[in-house]
Amino acid sequence: MFLDDDLPEVSAQTFVVHAGRPAREPGGPLNAPIVPASSFHAEGATEYARMGSPAFDDLEAAIGGLERGLATVFSSGMGAANAVIDQLPPYALVVIVLGAYNGVTQRLAQLREEGRLRVREVDVTDLDAVREACTGAALLWLESPTNPLLEVADLQGCIGIAHAAGARVVVDNTIATPLTQRPLELGADYVVHSVTKVLSGHSDVLLGAVVVGDDDDLAVVRARRTLLGSNPSAFDCYLALRGLRTLELRFMRMQDNARELAARLEGHGAIARVRYPGMSSIISIELAGGAQAADRLCRSTRIWTYATSLGGVESLLERRRRAAGESAAVPQELVRLSVGIEGVDDLWADLVQALAT
Ligand SMILES: *Cc1c(COP(=O)(O)O)cnc(C)c1O
């Protein structure tokens, strides 16, 4: 990983602290100023903010460096996902992992109903099924682990199968983060992020990114952002880059907390099943008492916050099937825990008291 050409390779935790900062010059600021401008004086590198802005460049350098590719930032994770989907020709076949993020699944279902795309869902834990589904496909959409079922795919295996069938491959890397896996290095063509989640980390910004491996794909993705108008604001880019500085620190604590809580939950009588493959800060639990017990748990915590989303410093929990459009594959009694950076014993005590109600 590089900062600029004359600095040595550094670890991810060093990189996120220093990436996307202004040049080091006497009197210069350590952080780039937020530039609230839609227009720039003509004949420079930037003319109109929908086409690009200095604020995008800094965040793109940081996210691109983490994923070892070329990043384009968007107004949300869905904005990023749609920039990839929008490139598909009419009637193209998209193969998508069962239990993918429901916003992406719903958007593809809309396009299918309108006769614009064909869509197949596949269980990516079965490589023979992936091979069969990818015949004639233009795009394979992967997410691993999936949200909220937390199923894990053999990314390299799936990517190889899709490429042999002539399909391009997207990996939504929101849950795993580039600290756990870097899909471009495993052969993926696009990495999609909801930067809203762990990367920015403070539940105060909506932002997305697409990361690609070469300049041709970058030009296509950038042109989609410009023409779809799905670029972020300079202020949101600033917040996301500021959040990213502590990514490694936050994610390590969140993972440590998640690992410990998953182990303790395994032994709790109110829990029928714990889904925790590691690799993330998410645990999904299935309540022995069904959907009602799951709702009661969500309403009874005092430290954990009953709210949707994930990846922030504060621990959140939610019964996912209460959300409109969540996949029927998700059990009614499943509660997704997004583990934050609080003290693990406080989080545990709060869960124990809430499960006892
Ligand atoms: C939240 C999320 C998205 C969508 O991102 P937004 O920023 O909410 O638009 C996509 N994929 C995954 C895995 C997510 O968790």
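A residue is called buried when its relative accessible area is under 20%, exposed when it is over 50%, and partly exposed in between, with a 1.4 Å probe and protein chains only. Gly103 is therefore buried, since its relative accessible area is 16%. The structure is a predicted model, in which local features need pLDDT of at least 70 and side-chain atom pairs count only at pLDDT 80 or more, while totals for chains, interfaces and linings use all residues. Residues are numbered from 1 along each chain as its sequence is written, and side-chain values use heavy atoms, with hydrogens and water left out.

Helices (H or I, at least four residues) and strands (E, at least two) are DSSP runs, numbered from the N terminus. Gly103 belongs to helix H4, residues 102–113. Between Gly103 and Tyr238 there are 135 residues of sequence separation and 25 Å of space, C-alpha to C-alpha. Helix H8 spans residues 234–244, and its buried residues are Ala234, Cys237, Leu239, Ala240, Leu241, Gly243 and Leu244. These buried residues pack against helix H1 (12–18), H2, E1 and helix H9 (247–266); contact here means heavy atoms within 4.5 Å.

Arg68 is placed in the loop between helix H2 (54–67) and strand E1 (70–74), and it counts as partly exposed because its relative accessibility is 37%. The side chain of Arg68 makes a polar contact of 3.4 Å with that of Glu185. Such a contact is a pair of N or O atoms within 3.5 Å; within protein, one atom must be able to donate a hydrogen and the other to accept it, and residues adjacent in sequence count only if both atoms are side-chain atoms. Arg68 also lies 9.4 Å from Pro183, C-alpha to C-alpha, although the two are 115 residues apart in sequence.

Ser76 occupies the loop between E1 and helix H3 (77–85). With a relative accessible area of 18%, Ser76 is buried. Its side chain reaches the backbone nitrogen of Met78 at 3.4 Å. Leaving aside residues up to four places away in sequence, Ser76 touches Leu206, Leu207 and Gly208.

Two packed helices are described by the angle between their axes and the distance between the axes. The axes of H5 (residues 127–134) and H6 (residues 155–164) come within 9 Å and cross at roughly 25°. Axes are lines fitted to C-alpha atoms, for helices over the stretch in contact, and angles run from 0 to 180 degrees between N-to-C directions. H5 and H6 are therefore roughly parallel to each other, a term for angles under 35 degrees. In this pairing, Leu127, Val130, Arg131 and Cys134 of H5 meet Gly157, Cys158, Ile161 and Ala162 of H6. The contact contains six nonpolar, one polar and one charged residues, where Ala, Val, Leu, Ile, Met, Phe, Trp, Tyr, Cys and Pro count as nonpolar, Asp, Glu, Lys and Arg as charged, and the others, Gly among them, as polar.

Most residues other than glycine have a negative phi, and most peptide bonds are trans. The bond joining Ser144 and Pro145 is cis, with omega about -5°, and Pro145 lies in the loop between strand E4 (139–143) and H6. The peptide bond from Asn147 to Pro148 is cis as well, with omega near 10°, and Pro148 lies in the loop between E4 and H6. Leu150, placed in the loop between E4 and H6, has a positive phi of about 60° although it is not a glycine. Leu150 counts as buried at 6% relative accessibility.

Methods. Parallel < 35°, antiparallel > 145°, perpendicular 65-115°, else oblique.
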